[in-house]
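Hi everyone, thanks for making the time.

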Amino acid sequence: MKEGFRQAMAWLHTWTGLIFGWLLFAIFLTGTLSYFKEEITHWSQPEVRSHALDPVNSLGVAQRYLQDNAGHSGTWFIRMPNAREAALSVGYRDPNGGPRGFVSKTLDTQTGQPVEARDSRGGEFFYRFHFQLQMPHPFGRWLSTFCAFIMLLGLVTGIITHKKIFKEFFTFRPGKGQRSWLDGHNAIGVLVLPFHLMISYSSLVLFMYMVMPAGIMASYGNDTDKYFNDLFGRNDAPKAAQVATPLVALPSLYAKVQALQPGARIGNIQVQNPGDSNARVTFTQSAADHVAYRRSANWTFDGASGALLSQGKPESGAMMTAFSFAGLHMGNFAGPWLRWLYFFFGVAGTAVIGTGLVMWLGKRQLKHAKSEHMPGELRLVEVLNIASMSGLLLAVAGFFWANRLMPMGVEGRSDWEVNAFFIAWGLSLVHAVLRSGRRAWGEQLALGALAFTLLPLLNGLTTDRGLNHSLPEGDWAMAGFDLTALGTGLFLAWLASKMLRSPKPVAKRAARAAKKPSTETAEAS
Amino acid sequence: MLGNALIAFAGFVALCLAMEKHFSDLLGRKPRPGQLRLLRVVGWLLLMLSLALSVHLRGWAHGLVEWTAVTMAGVTLWVFGLPYQPRLLLGLAAASGVLGPLLAVFAV
């Protein structure tokens, strides 16, 4: 009975980890990719060229374009280019145009003309997938939030289960089968624990308004917009007065923001009722400016007179806590080297889940090492392990290959890229069903190795943004993508060669089981 | 920040060597009395020093985040590299102990 609690926690860890591990692996992997969302988008739309940043000029360009093309619209959105994002994006509500009554364009900041970029969702797809799971709203968000809760549960139960958390803090013993997997799982879980805890807890904070809305609903009923307006110090724009009044020059408002908050970088600008006497212009500070994701860092101007109407309220302690968790999760503030660390910690989180899934199966396979056939439920777990891990990597590769190979003008092009992702994933599941475990792993990893290693070549052949151009021009986002793909490919090739070369698992495990304990200890010393 | 990263790395290595098993495995001899305690104190001091420097240089918000990040990265590199390249990593740790403070002083 002494071990009762710890055993119960171990049971919970094992089974919640198995049931949600497959989905969590996908969430963690795509979430990790999202740390390079803008860079992936840059690679996916090589037609959008980056220019030196000039906010005043960009704002003028955006305003001119919107005045010429969206004068009839009630709401404009402008997203400013930044160090990581080459595009100047403008959008406007237009009941007669665009999908869902919304038109968005990417402008070139030098010519002021829309860029004819290939239709692709780029990094946005992986970002959206990691919390919406391609499911209809709001089910994807609910499911991914629940997964985040399970991850947090897995971490806490894992800490309780791990008996020698300090004694084996620095311990990793490779080449010893199950022992090494457990060491690796533990070490990568414990050493990167602050990141794991932060990322899973902050996911819950990010969706707390959805998960625990009772407090808001008790005070505001169904008018939750009013709650957020109160919280972030925003006011709803008044109705258009139908009195035509020219909109003030946005660059002049930008200068006012700079006077109020010197050095502030601007992320988004929203213009309501442009060209009306009741126009409102809201500048929101770039999330890259603070560690905390301060949604209240904004300034609202009267678009007719240019007078400052309101600015974000100072945050309370509770708000700052929530904003800090949100900011830490998204890592918008991170410069290049910290962003890479975020990426590697994300990979570490993915690896904790992956090693856990592999161990669950490995442990139980040992019991059936001598029999010819694996029980059906273990085979099911094996197939799902393969499809959810190496299959997902193939799906990601499929997305990028589709991005380069799909003709430019195809209707619904960006949807077909997403379809390529899911088709590749589905095919990998079929492949995993048809082939034996180790072969399926090896073949899928080998294919993944090929797909990722050849991506830079494909990029060089299909665009003029290959490594031979991006490196001399110092286009590090483009070159970094290609080199990361190459590195990923080489890593997968190494994994594949391990899988394809070693003897069949059954024979190997049987041999190990047959070994005398004395030889085992002799090996260890 | 590289200076802080190296100091933190040296700190964790000292804490690792402060465990008798790792000390004798890595250095090939039994620790003398008091050596483990000294290593433990030095390790914690180095970690605290890098934290203080990080906060001093980058402020609380960025300082804490960056310190946590480089510390985790350093110790992960140590633990997973150790079975393969123990001598290289020990050398790196020794170099970090010297280079880290130097970089931290001159990069201010």
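Let's start with residues 187-212 of chain A: this stretch is 88% helix and 0% strand, with its end C-alpha atoms 34 Å apart. Helices here are DSSP runs of H or I with at least four residues, strands are runs of E with at least two, and both are numbered from the N terminus. Residues 416-434 of chain A come out at 100% helix and 0% strand, and the end C-alpha atoms sit 26 Å apart. UniProt, in an unreviewed entry, lists both stretches under "transmembrane region" for chain A; its positions follow the numbering used here, feature names are shortened, and annotations may be inferred rather than shown by experiment.

A quick word on ground rules: this is a predicted model, where local features need pLDDT of at least 70, side-chain atom pairs count only at pLDDT 80 or more, and totals for chains, interfaces and linings use all residues. Residues are numbered from 1 along each chain as its sequence is written, chains are lettered from A and ligands numbered from 1 in the order in which they are written, and side-chain values use heavy atoms, leaving out hydrogens and water.

Over to chain B, where the unreviewed UniProt entry places "transmembrane region" at residues 38-57, 64-82 and 88-107. Residues 38-57 of chain B are 100% helix and 0% strand, with end C-alpha atoms 28 Å apart. For residues 64-82 of chain B, the figures are 95% helix, 0% strand and 27 Å.
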